Structures are given as structure tokens and as C-alpha cells.
Amino acid sequence: MTSVHHSEQSSGSSSAPEGASGPGSAALDGAGRHSVPSAIAAGRILPVVVLEDAASAEPLAAALTAGGLHSVEVTFRTDAAAEAIKVMAQRPDLLVGAGTVLTPAQVDRAVEAGARFVVSPGFGPAVVRHCQELGVPVFPGAATATEIQMALDAGLDTVKFFPAEQLGGLNMIKALSAPFRSVRFIPTGGVNTANLTDYLAHPSVLAVGGTWMVAPALLAAGRFDEVTRLTAAAVAAAHTATGGQQ
């Protein structure tokens, strides 16, 4: 499997590290700018991480990949974010992105740390423009038809639907996907094991963002075995939702 960090310079592939197989791992082969959405879609679940201590980054990365996920969003909600991204991005079997990115300066910090994609909670023209200037995939938040139209005008076709459940959940996505047939959504916020399969069964949903398998309390307690267990269960549920077509 090609390293995520060097695949934009090389289209070759190498053997996957032991334990790196699972939904999404194959999609990391040659995971350059244009295949990042494909890599995220392959796993169907994007863990949204809030890390208070960068020392937890390495065992967390190992726990997620052991559970079968190979993409992760590390949010800029703590001072440890950049260092955590730097540590996790060292793994060739993990596609690491930065979330809660609100300014161009944070884009720079994220990319310098090794983030391969950027996620923001809303549509920020300056953030989107800067990501595009750097050639970094960006998934801005969109909650209305107007914001989706803004994303399309900026040349984007994948958005974060946030906060998903509070905005009407799957019913709202169904309504928005009718006029915006080319748009793919990453619903985040209130997604859990109870509604995961419903979201993933809808064709406009690229993947779902979730926190339950990486809950801050689990990370603070160092319960990485539980992270792996919850991740594996989520991957299995996603596999069922898509009829085994991952």
C-alpha cells in the first residue's frame, strides 16, 4: 500500500503493513488530492476526534486501524491538535485530516502538520479558497440550500452536513439531495449506532462523521481497546448498511 504522505509524488504501491487491511485501506493506494473522497467513502465512517493530549495520538491511530478504519478527522478544538495530526500522519495506513478549521492560518498549521484534507463546520470562503490554493481537499459545512449553492459555485461537490440531527437529519438530506443531485454529504452531529445504517443507505451520503467510538472520556481514560471494539462494530454496521459493497 502506498504511503498516504508520499502518494501524490508517486503512483506506485507497496505492501500494506500488517493489520492495515479493512474497509478503506485499499482506497489509500495513491490517495492524492482527487482520491481523498474515495478513501473516506470506502470506510463510510469518519471518526471525529477531540484530543486533549497529543500523547494519545499514537495509540489512538493504532486502535482505529485495528478496528478497520483508515481515515480520521482531528479537530482544532484543542491546543494538541496540530501535534496529534503530526503524530498520526506518520502512519501510511491512515488518512488524517483536520477538522473545525476556521481560518486560513489554521489551514496552514494543519497542512504543515501533515493533514491531507480539511473540514470546517460552515462555509468560509477564505478557508475554502486557501485550501484550493494549496491543493488540499476541503469539505465545508453546509446546512442550507444557499450554502450548498455556494459550495457548488466554489467548485466543490462534497460538504459536511452539520449539525445533522439538529438540522432535520436524514429527512433534510433527502430534501436537499433532490435539487442538488451531484452533491455528496458527510452528515456529522448526532450520528450514532442507532441511525448510522439509515444515513449510509442513502445514495447521497458519502460517509458519516461520528464521535462515539472516539469519545473524549474513552481517550482520557486510555481505553483504546474499547475504541477498537467500537470501531470494529461501527465498520460492521456500515458494511451491513451498504450490502457488503465496501
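Contact is taken here to mean heavy atoms within 4.5 Å. On this basis, in the predicted model, A82, I85 and K86 of helix α3 meet R109, A110 and A113 of helix α4. The residues of this contact comprise four nonpolar, no polar and two charged.

Two packed helices are described by the angle between their axes and the distance between the axes. Helix α3, spanning residues 81–88, packs against helix α4, spanning residues 104–113, at an angle of about 30 degrees, and their axes lie 8 Å apart. Because angles under 35 degrees count as roughly parallel, α3 and α4 are therefore assigned to that class. The crossing of the two helices, α3 and α4, is right-handed.

A further site examined was S120, which is placed in the loop between strand β4 (118–119) and helix α5 (125–134). The relative accessibility of S120 is 2%, so this residue counts as buried, the cut-off being under 20%. When neighbours within four places in sequence are left aside, S120 is in contact with V101, F139, P140, G141 and K160. The C-alpha atoms of S120 and F162 are 9.5 Å apart in space, while the two residues are 42 residues apart in sequence.

For the chain as a whole, the secondary structure comprises 10 helices and eight strands. Of the 246 residues in the chain, 54% are buried. Among contacts with a separation of 6 or more, 60% involve residues 24 or more positions apart. The chain exposes about 10,100 Å², of which carbon and sulfur atoms supply 52%.

Definitions and conventions. Residues numbered from 1 in each chain as written. Predicted model: local features only at pLDDT ≥ 70, side-chain atom pairs only at ≥ 80, totals over all residues. Heavy atoms only, no water. Helix = DSSP H or I, 4+ residues; strand = E, 2+ residues; numbered from the N terminus. Buried < 20%, exposed > 50% of the residue type's maximum accessible area, 1.4 Å probe, protein only. Axes fitted to C-alpha atoms, helices over the stretch in contact; angles between N-to-C directions. Parallel < 35°, antiparallel > 145°, perpendicular 65-115°, else oblique. Left-handed = near helix turned anticlockwise from the far one by under 90°. Nonpolar A, V, L, I, M, F, W, Y, C, P; charged D, E, K, R; others polar. Areas by Shrake-Rupley, 256 points an atom, 1.4 Å probe, with all protein chains shown as cover.
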